[in-house]
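Please look over the fold below before reading on.

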Amino acid sequence: MNSKSRIISILQADSLESSITEFPTFHLSELILRNELDFQLPTNIRLGHLAEKIVSELIQSSENYNLVYENVQIIEDQKTIGEIDFIIENITEKQFIHLELAYKFYLFDPSISSNPINNWIGPNRNDSLREKLDKLKSKQFPLLYYSGTASNLETININTVSQSLCLLVSLFIPYEFKPKLAPAYEKAIKGYYLSFETFTTLDNTEKLYHLPSKKEWGMDPSQNEIWTDYKGIENQLHINRNEKQAPLCWQKYKGIYLSFFIVWW
């Protein structure tokens, strides 16, 4: 995995706006960074933690923000009740911010509800945008004001700390989906999803494919150098379907690159 491409993909990822999340939004574009930014990335952590590591490095490399605290565990009776992702400081405004970060991939299932916010689900249908926002509201952000938190943040007055969310998302809509979604969603749409059965009916003879590892999700497929024909991914797709795992697939055809999920449901 190209570390520079991975860093750029996080830095350029779309943040869901407060009109959707109902939390103040922190955009990574607010960070003033030097042009050439590259650093070593760990190889033995999951995608969400990898995104946290990258954002941590970006904040530390910025000219206008300080990283004050990171991954602060709140413990009671020897049991961890939660973790604060970041406390950062806006250097110019001398303002401390409790920043929660998430890096998510959601698929739009219009059959769930008439309210779009309820229809964004994980590729394997085991999580959702609605559940994530509810958890942030009921658990993550209230941690700042928990009785045991102040002792972990001794250098700042928590009563002066504001709160923001950086919810980086890549959104996918059904194959050949026609209705328009709100602009806040539209700008984050990166591709589509389709069933294995539908995928096999398409003309795949001249197209090239790559099934990226989860740590590569969200990267620019045009940066990928390893491609194969349909036969090269067919067996893995059968395994994914049997194990009820929805892989991300990159497609290369006549200089055009596409990203889509092949779902088992």
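A residue is buried when its relative accessible area is under 20%, exposed when over 50%, and partly exposed in between, with a 1.4 Å probe and protein chains only. By that rule, Asp14 is buried at a relative accessible area of 16%.

This is a predicted model, in which local features need pLDDT of at least 70, side-chain atom pairs count only at pLDDT 80 or more, and totals for chains, interfaces and linings use all residues. Residues are numbered from 1 along each chain as its sequence is written, and side-chain values use heavy atoms, with hydrogens and water left out.

**Overall form**

The protein chain has 7 helices and 10 strands. Helices (H or I, at least four residues) and strands (E, at least two) are DSSP runs, numbered from the N terminus. The radius of gyration is 20 Å, close to the 18 Å that the globule rule gives for 265 residues, so the chain is as compact as a globular protein of that length. This radius is taken over C-alpha atoms, and the rule is 2.2 Å times the number of residues to the power 0.38. Along the principal axes, the C-alpha atoms fill a box of roughly 60 × 45 × 40 Å.

Of the 265 residues, 48% are buried. Take the contacts with a separation of 6 or more: 62% of them come from residues 24 or more positions apart. A contact means heavy atoms within 4.5 Å. The chain exposes about 13,900 Å², and carbon and sulfur atoms supply 46% of that area. The areas come from the Shrake-Rupley method with a 1.4 Å probe; for residues, only the protein chains shown count as cover.

**Charges and salt bridges**

There are 26 positive and 33 negative side chains, and the centres of the two sets lie 5 Å apart. Lys and Arg count as positive, Asp and Glu as negative; His and the chain ends are not counted. Each charge is placed at NZ of Lys, CZ of Arg, CG of Asp or CD of Glu.

How many salt bridges does the structure hold? It holds 9. A salt bridge is a side-chain nitrogen of Lys or Arg within 4 Å of a carboxyl oxygen of Asp or Glu.

| Pair | N to O distance |
|---|---|
| Lys190 and Asp14 | 2.8 Å |
| Lys187 and Glu17 | 4.0 Å |
| Glu57 and Lys53 | 3.1 Å |

Lys190 forms its salt bridge with Asp14. This pair links distant parts of the chain: Lys190 is in strand S7 (residues 189-195) and Asp14 in strand S1 (residues 14-15), 176 residues apart. Lys190 is partly exposed at 39%.

Lys187 meets Glu17 in a salt bridge. Lys187 lies in the loop between helix H5 (183-186) and S7, and Glu17 in the loop between S1 and helix H2 (18-21), so the pair ties together parts 170 residues apart in sequence. Both are partly exposed: Lys187 at 35%, Glu17 at 25%.

Glu57 and Lys53 sit in helix H3 (residues 47-61), 4 residues apart, about one turn of the helix. Lys53 is partly exposed at 31%. Salt bridges with shared partners join Asp14, Glu17, Lys187 and Lys190 into one network.

**Two exposed residues**

Asp77 lies in the loop between strand S2 (65-76) and strand S3 (79-90). Asp77 is exposed at 73% relative accessibility. From Leu153, Asp77 is 76 residues away in sequence and 18 Å in space, C-alpha to C-alpha.

Asn235 is in helix H7 (residues 230-242). Asn235 is exposed at 55%. The C-alpha atoms of Asn235 and Gln12 are separated by 33 Å, and the two are 223 residues apart along the chain.
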